[in-house]
Amino acid sequence: MRAIVTGAAGGIGRATAKTLTTDAIRRGGQARLLLVDMAEGTLNTVADEVRALGGLAEIHAADLTDPTACEAVVSHAEKAFGGLDVLASIAGIWPRKDLLEYSVEEWDRTFNVNTRATWLLAKAAFPMLKESKGCIVAVCSIAAHEPAPTLGAYSPSKAALMMMIRQLANDWGKYGIRSNSISPGSTANMSKLPPGSEAALLTRGNNPLGIVSVGEDQAAAIAFLVSPEARFINGADLAVDGGAQTQLMTASGMAASPEERARRAAALREAQS
């Protein structure tokens with residue numbers, strides 16, 4: 001399996017790189033991964049972890065807000081692997097601000113990373129994905145389905161990404177290219193909630209399972225969507241949120257008193273600051 005994994009230095013991206021590697025070996029093959037992120041030092045560490053598991057890994061440090069950087073990523077993969085089977089678009093940013101607080105530059109950067117980069121990478125990778133009948137998986141968010149305080153640009157950018165994936169599924173399915181997304185709930189190594197903190201405990205209560213996921217939970221869903229078992233899944237968004245979307249009233253705090261909702265919001269803001 002030949003794959004590009006963006007956001008590979010982060011929690012979900014790092015876990016995905018390792019999960020794709022072990023999954024390929026389990027199936028009797030080998031993963032050849034191009035790991036992409038801005039944090040070159042951490043990329044080297046992740047590449048070493050992939051190699052230790054039996055995969056092949058190359059790194060590419062890039063700022064995906066730059067269209068030429070997206071083209072360079074795909075060109076690197078083509079030269080290194082001679083083709084491409086999987087585009088795992090995981091890189092994302094989430095500046096936590098109210099809509100009134102965003103500058104135009106911050107708004108544009110959020111959309112450029114969270115939405116536009118996936119389109120540019122997919123567009124550049126199209127010839128290789130068409131040849132391999134490959135697949136695209138993007139990481140959206142439950143925030144793409146429901147707004148949340150202080151996620152002013154993040155929620156719209158992820159909603160746009162989810163619709164773009166559906167559009168790709170519609171447009172490129174005829175070429176044998178599958179396009180899907182996952183929508184994680186709160187993920188510990190993404191949100192960096194201190195274990196045992198009040199914010200972590202509050203977040204744990206935001207889904208019926210009463211746990212906070214880790215990157216490996218999301219990576220498992222990505223690995224499934226790029227697997228042969230998912231060959232008839234196209235244009236889907238898979239919620240990997242512990243059932244958070246089934247209890248909207250509780251998760252949003254609507255069932256709590258105004259004082260309790262204010263306390264919860266303050267604790268989460270402090271944890272993310």
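Predicted model: local features only at pLDDT ≥ 70, side-chain atom pairs only at ≥ 80, totals over all residues.

Q: Which strand pairs with strand 2 through five bridges?

A: Strand 1 (residues 2-6) does, and the two run parallel. Here A3 has L33 of strand 2 as its bridge partner. Strand 1, helix 1 (residues 11-26) and strand 2 form a right-handed β-α-β unit as well.

Q: Why is strand 2 described as largely enclosed?

A: Count its buried residues, taking buried as under 20% relative accessible area. Five of the six residues of strand 2 (residues 32-37) are buried, so the rest of the structure largely encloses this strand.

Q: And what should I expect of side chains along a strand?

A: In a regular strand, side chains alternate between the two faces of the sheet.

Q: What is the strand order of the whole sheet?

A: The order is 3-2-1-4-5-6-7, in an open sheet of seven strands with parallel pairing. Strand 3 and strand 7 (237-240) stand at the edges. Each has a single partner strand, so one side of each lacks a neighbour in the sheet. On average, neighbouring strands are turned by 15 degrees against each other, direction ignored.

Q: How many bridges hold strand 7 to strand 6?

A: Four bridges join strand 6 (residues 178-184) to strand 7, and the pair is parallel. Within this pair, I182 stands opposite L238 of strand 7.

Q: Which strands does helix 2 touch?

A: Helix 2 packs on the sheet and touches strand 2 and strand 3. Its direction makes about 170 degrees with that of strand 3.

Q: Which strands does helix 4 touch?

A: Helix 4 (residues 104-132) also packs on the sheet, touching strand 1, strand 4 (86-89) and strand 5 (135-139). The direction of helix 4 makes about 160 degrees with that of strand 4.

Q: Are C70 and C140 buried or exposed?

A: Use the same cut-off, under 20% relative accessible area for buried. C70 has 0% relative accessibility, so it counts as buried. C140 has 2%, so C140 counts as buried.

Terms used
Residues numbered from 1 in each chain as written. Heavy atoms only, no water. Buried < 20%, exposed > 50% of the residue type's maximum accessible area, 1.4 Å probe, protein only. Pairing = 2+ DSSP bridges. Right-handed = clockwise from strand over helix to strand, strands pointing away. Axes fitted to C-alpha atoms, helices over the stretch in contact; angles between N-to-C directions. Contact = heavy atoms within 4.5 Å.
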